[in-house]
Amino acid sequence: MKYEYLIASKVATGRKKSFTRLIIRIAIVAIALSMTVMICSTALISGFKQEISGKIFGFWGHIHITGSSIYQSLVENDPISIDQPFYPDLLKDEKIEFAQSNEFLGRTYERWVSTKGGINHIQVFALRSGIIQANDEIEGIVLKGAGSDFKWAFIEQYLQEGELLSWSDTTTSNGILVSRQTADRLKLSVGDRIRIVFVEKDEPIQRVFNVKGIFKTGLEEYDSRFALVDIRKIQQLMGWREDQVAGFEVFVDDIDDLTPIANHIYYEELPNELYAETIEEKFREIFQWLSLQNINEVVIMTLMIIVAIINMITALLILILERTNMIGTLKALGSSNWSIRKIFLYYAAYIIGLGIFWGNLIGLGLCFLQDRFKLITLDEKSYYLDYAPVDIDFWSILFLNLGTLVVVLLFLIIPSYLVTRISPIKAIRFK
């Protein structure tokens, strides 16, 4: 065992009470608090982004395939044929290879990599706007048509009352799923009949629907605007044939594959008259808002690291001053300045390690309590969630721990230079 480490361990485990002990305890507490804040903020921001994006992807899919007209909007789409070579087995469970650009030492090179997964589901959709009339109340609504291939798992987990729409090959369903927000404003209950007015060529058209269920996703913008119906109802209203839809919604296995799969679909799978785009591109505002959370995370991390560094520098300087006599003795015995500096850096690593340990214990404990009991609540209208979600990623926590240890130690190398300024003769005489 190197003598530097041996001396550092003896100093660290010494029971002598002094003012330095108090400073070291304060440094450990500062490191622990910094780690706690960083772990909690990372878990909360990651959980928040994951929950919000998960809801958006669950409602819309990951990739939209529609007509290529530049004049169409989200609601007004030109019909496309459902009889496509890629439907319904588009890249089913297949991985694709794509060229990934990387930059190293100022030079850009490409290498071929494979996606983590493929596509797990594809479904048709159609949209039609109208006005709901119920209980002397009116409200604008956008109907989203669901076909026999609709992925109901997402809506099912948010269904509060009633049941999902049933599908029959022979008859078109008159059922409708409305949001809790719409139901409360229009005083609707499961089983109620509502009238929806559509405008077609400046002429009003009325259709009657039965409320089959009430859902609540928490996405204020979507809950207030959308309802689910049988896609054949929309086809009838739009004057489309049964083999015509507004587009296809594609669900991928892994969100990291979103861009390469979308590019592959557009360039390799689709005919010229069709267009593919990711939901991130279609709803840029929401995802830009989510990406802003990364800035908050970086600011929090930076502030906490600075607090840890300042406290450790203070503790190290006081520790060196307190051990001036020991430093002089070691120098007189022939120890180099770097060897003595390593003693204090080992001691600093011990202090940082203790702080990291307690910070992990407290931070992960708080995340577990929040995940289990939902102690921190949010305004759902503002944040799309009624509680603060947490997402603990092992590799992120590991990187956070190692990064904190390395960064703080690197900043301690400079103040440890104070050891070289201590004269062995004066130090030995100093009591």
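Colleague: Which helix does T36 lie in?

Modeller: T36 lies in helix α2, residues 19-60. Keep in mind that this is a predicted model.

Colleague: Why is T36 called buried?

Modeller: Its relative accessible area is 9%. Buried means under 20%, so T36 counts as buried.

Colleague: What is T36 in contact with, leaving aside neighbours within four places in sequence?

Modeller: G359, I362, G363 and L366. Contact here means heavy atoms within 4.5 Å.

Colleague: Where is I306, and what makes it partly exposed?

Modeller: I306 is found in helix α9. Its relative accessibility is 41%. The partly exposed class runs between the 20% limit for buried and the 50% limit for exposed, so I306 falls in that class.

Colleague: How far apart are I306 and I155?

Modeller: In sequence, 151 residues. In space, 45 Å from C-alpha to C-alpha.

Colleague: Now a strand. Where is V245, and why is it called buried?

Modeller: V245 sits in strand β12, residues 244-245. Its relative accessible area is 1%. The cut-off for buried is under 20%, so V245 is buried.

Colleague: Which residues does V245 contact, beyond four places in sequence?

Modeller: D78, P79, I80, V124, F125, I231, Q235 and W240. As for V208, it is 37 residues from V245 along the chain, and their C-alpha atoms are separated by 22 Å.

Colleague: Next, helix α13. How do you know that its span agrees with its number of residues?

Modeller: Helix α13 has 19 residues, 394-412. The expected span is 1.5 Å times one less than the number of residues. For α13 that should be 27 Å, and its end C-alpha atoms are 27 Å apart, so the two agree.

Colleague: Which residues of α13 are buried?

Modeller: I397, L400, N401, T404, V408 and L412. They cover an arc of only 95° around the axis, which puts them on the same side of α13.

Colleague: What does the face of α13 turned away from its buried side carry?

Modeller: The exposed residues W395, F399 and L410.

Colleague: How are two packed helices described?

Modeller: By the angle between their axes and the distance between the axes.

Colleague: Which residues of α1 and α11 meet?

Modeller: Y3, E4, Y5, I7, A8, V11 and A12 in α1 meet S339, K342, I343, Y346, Y347 and Y350 in α11.

Colleague: Last, α10. Which of its residues are buried?

Modeller: In α10, residues 324-332, these are T324, M326, I327, G328, L330 and K331. Just after α10, G334 takes a positive phi of about 105°.

Terms used:
Residues numbered from 1 in each chain as written. Predicted model: local features only at pLDDT ≥ 70, side-chain atom pairs only at ≥ 80, totals over all residues. Heavy atoms only, no water. Helix = DSSP H or I, 4+ residues; strand = E, 2+ residues; numbered from the N terminus. Buried < 20%, exposed > 50% of the residue type's maximum accessible area, 1.4 Å probe, protein only. Arc of directions from axis to C-beta.
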